[in-house]
Amino acid sequence: MEFSYFIYQLIIGLSYSMLLFLIASGLTIIFGLLNIPNFAHGALYMLGAYFTYFFLHSLPGVSFGIALVLAVVSVGLIGAFLEYVPLRKIYERSHALQLLMTFSFILILDDATKYFAGTDFLSIAIPKLMDGSITLPGDREMPVYSIFIIACGLVVAYLLWLGLYKTRLGKLVQAGTANKEMLSALGINVPRLFTLVFILGSVLAGLGGGLAGPLKAVSVGMGETVIITIFAIVIVGGVGSLKGAFIASILVGELNTFGVVFFPSFAMAFTYILVIVVLLTKPEGLFRTK
Amino acid sequence: MAKKQITRREFVKVVGSGALVAGAATFGVPTLLRAANKPIKFGQLNTTSGIMASQGVPAMRAAQIAQDIINQAGGIMGRKLELVQEDDQVKPSVGVRKFRKLVLEDKVDFVFGTNSSGVGLACVPLANEFKKIFISTSMSDKYTGANCSPYVFRIGESTCMASKASAYCMVANAPTVKKWAGINPDYVFGRESWDFFKQGMKDKNHPVEYVKESFSPFGCQDYKPYITALLESKADGVFTSLWTGDLINFVKQAKPFGFFDKVKAFVNNTTAVATSIGLGNEMVPFWGEARYYPFYRDSELNRQYISMYQKKFGGYPAADTGAECFASVVALKLAIEKAGTTDTPKVIAALEGLEFEVPEGKKWIRPEDHSGIDEVVLLGKFHHDPKYPFWVYDPKTYFTVPGKEIAMPLSQTGCKMAKP
């Protein structure tokens, strides 16, 4: 295989990886600090896409960027409600119960979406500025929107890194992920910290959904199709580890891309072989800090 | 005190005689007379949740329109038609459970539906076990193949018909395209579609070269590697049996690569109109085949179907499976009337060879293998026409194939029909 084709597929894979990272980063932060496996993360991702569509088509003269911001804020508010009202009552309960509750959120949010938006597929156009592609050597096209997704992923990764390692709040999140009792012993307002982190995670899910909008059929259930891959990434990277989610997203995205290109009939298996190998050799994930 | 006792006695008497009357109504009157007032129940299985809800919800609605039309005209032999609709969640295990529920709890007389052959084929053993007629609205040729059953029918176009029609259309409309590739969903429908497409090319003795074949998982999230691999193969023509959500995702992700400029012919064998609606202005000019296309046939029934659907639900009844559900209800109604009873073996006999009209045209049920065959199968190339709310076929490109020409020949089905 030509080297240029290899590089080309690497970039194609990276654009998938970065979309996965946007969604996985939110889930891993929530899972790490709040210690709940939030299955509803996929539903929040779906809402990000629906809200983007809604704002883009119902407010006159709104650009994709503004619609996306409004959508992200809306999903953040829904996340705040979910954490503040039902979720915080069950932090001390078993994972099975938490899973059941977050799974109920999916069904409720899916049905609510069906009620308000119907079951027809909705389509968000790629913003005019980013429509089209640039031609790479070998007459290969690279869509501008895919490059934009890569840029978004890298920027969000950088901002999250800054926030997590360079701010007081971020240090508290890190400390809480490692040892929750210590935080409350030190007089930190833990419930408020939990709410903030859940909102942040929801915002990231919404951002992922809004950015995925132009690449997907916006539909009820789109969250369920992505959530398993996202959980695989969080497990491989190590629950609560941002760096882990970043590396694991790249691994999963590239494995999928190169799998399809070179071993199409096994493409699906690679991600899960990776999960099994990590679970057997490093059960705590690649980068878990505990 | 005494007064009270009398009242109680009278009360008991009244209730007692009431029970007697009710008892007489239940046991005394011949069963036949009671049955005359009971509605005839049709059980329906389609997918109304998850990513395939966009196909299943309209399927339920289309059946409701058929129910309305029939009941407004006096029902079936004077009895009301009652639909019992269940969500199969596009999962075989759920479909099987709901099939049992329909038969055992709801006591339906007949069952029809399914959006995916994966679900429908899983229900076939139950139809045999319960000796209930099951009319499939999904497309596999396996319903009518070596494992065909007297209880099982496939009402509409099969994978074979849809894929061969696509090939015939390309031979006629894109004869210079010789390098073909395929992108199909990785399960029975996608694999069969690709094989039948190639078979169709062979039928026409059209010399083509297959430069790439790819199968993507159902519900695939990222089509970019498939798209780049297809482009790298330098195929001039691409055949796909991706459907609804998957096809929309594929088109949306392929468009920025200039895919539809580089590939000279792109043809899809299913759910084309639903895809066009889902894509809106993002639609691209590809060749599509749909089991139901609202704007082709000018008939009283088609006009009534569209207008009733629009009035009740809004929008066009464009989902493929919807038309097949409508057809299933109509076929059962006609067969029951022809048989003069809901008795299963007699209704089976009445369904065999039945010719009837549905919104998309005339249908015939081939008696030997229970395969529903449309008079014509239609393809067209999508274009933008401001008269319609979504891209429609350019009427100049209408391409029709008689259903009998592309149905799997009886000699190849492997079906040996048993007696019910």
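Student: Which residue in β8(B) stands opposite Ile183(B)?

Tutor: Ile183(B) faces Thr240(B), which belongs to β8(B). Before we go on, this is a predicted model, in which local features need pLDDT of at least 70 and side-chain atom pairs count only at pLDDT 80 or more, whereas totals for chains, interfaces and linings use all residues. Residues are numbered from 1 along each chain as its sequence is written, while chains are lettered from A and ligands numbered from 1 in the order in which they are written.

Student: How many bridges does β6(B) share with β8?

Tutor: Four bridges hold β6(B) and strand β8 (residues 237-240) of chain B in a parallel pairing. Strands count as paired if DSSP finds at least two bridges between them, and the elements themselves are DSSP runs numbered from the N terminus, with helices being H or I of at least four residues and strands being E of at least two.

Student: And how many bridges join β6(B) to β7?

Tutor: Seven bridges link β6(B) with strand β7 (residues 209-216) of chain B, and these two also run parallel. Within that pairing, Gly182(B) has Glu213(B) of β7(B) as its bridge partner.

Student: Why is β6 of chain B largely enclosed?

Tutor: Strand β6 (residues 179-185) of chain B is largely enclosed by the rest of the structure because six of its seven residues are buried. Buried is used for a residue with 20 or more other C-beta atoms within 10 Å of its own, exposed for 12 or fewer and partly exposed in between, with C-beta atoms placed from the backbone.

Student: What span should α7(B) have at 1.5 Å a residue?

Tutor: Its 16 residues should span 22 Å, and since the end C-alpha atoms of α7(B) are 22 Å apart, the two agree. The expected span is 1.5 Å times one less than the number of residues.

Student: How about a helix in the other chain, what does α5(A) reach from first C-alpha to last?

Tutor: Helix α5 (residues 144-166) of chain A has 23 residues and reaches 32 Å, close to the expected 33 Å. Tyr145(A), Ser146(A), Ile149(A), Gly153(A), Val156(A) and Leu160(A) are its buried residues, and what covers them includes α1, β2, α8 (190-212) and α10 of chain A.

Student: How many residues does the contact take from chain A and from chain B?

Tutor: Chain A gives 32 residues and chain B gives 30 residues, where two residues are in contact if their C-beta atoms, placed from the backbone, lie within 7 Å. On the side of chain A that touches chain B, α1 (3-34), β2 (140-143), α9 (222-237) and α10 (242-262) of chain A each supply at least two residues.

Student: Back to chain B: what does the domain assignment give?

Tutor: Chain B is assigned domain 1 (37-157 + 297-374) and domain 2 (160-290 + 378-405), with the bounds coming from an automatic or database domain assignment. Taken over C-alpha atoms, the centres of domain 1 of chain B and domain 2 of chain B are separated by 27 Å. Their contact involves 15 residues from domain 1 of chain B and 18 residues from domain 2 of chain B, and on the domain 1 side α3 (53-72), α5 (117-130) and β13 (371-374) of chain B each supply at least two.

Student: Last one: where is the place of Asp109(B)?

Tutor: Asp109(B) sits in the loop between α4 (92-104) and β3 (110-113) of chain B, and it counts as buried because it has 22 C-beta neighbours inside 10 Å. Neighbours within four places in sequence aside, Asp109(B) is in contact with Ile40(B), Lys41(B), Phe42(B) and Thr342(B).
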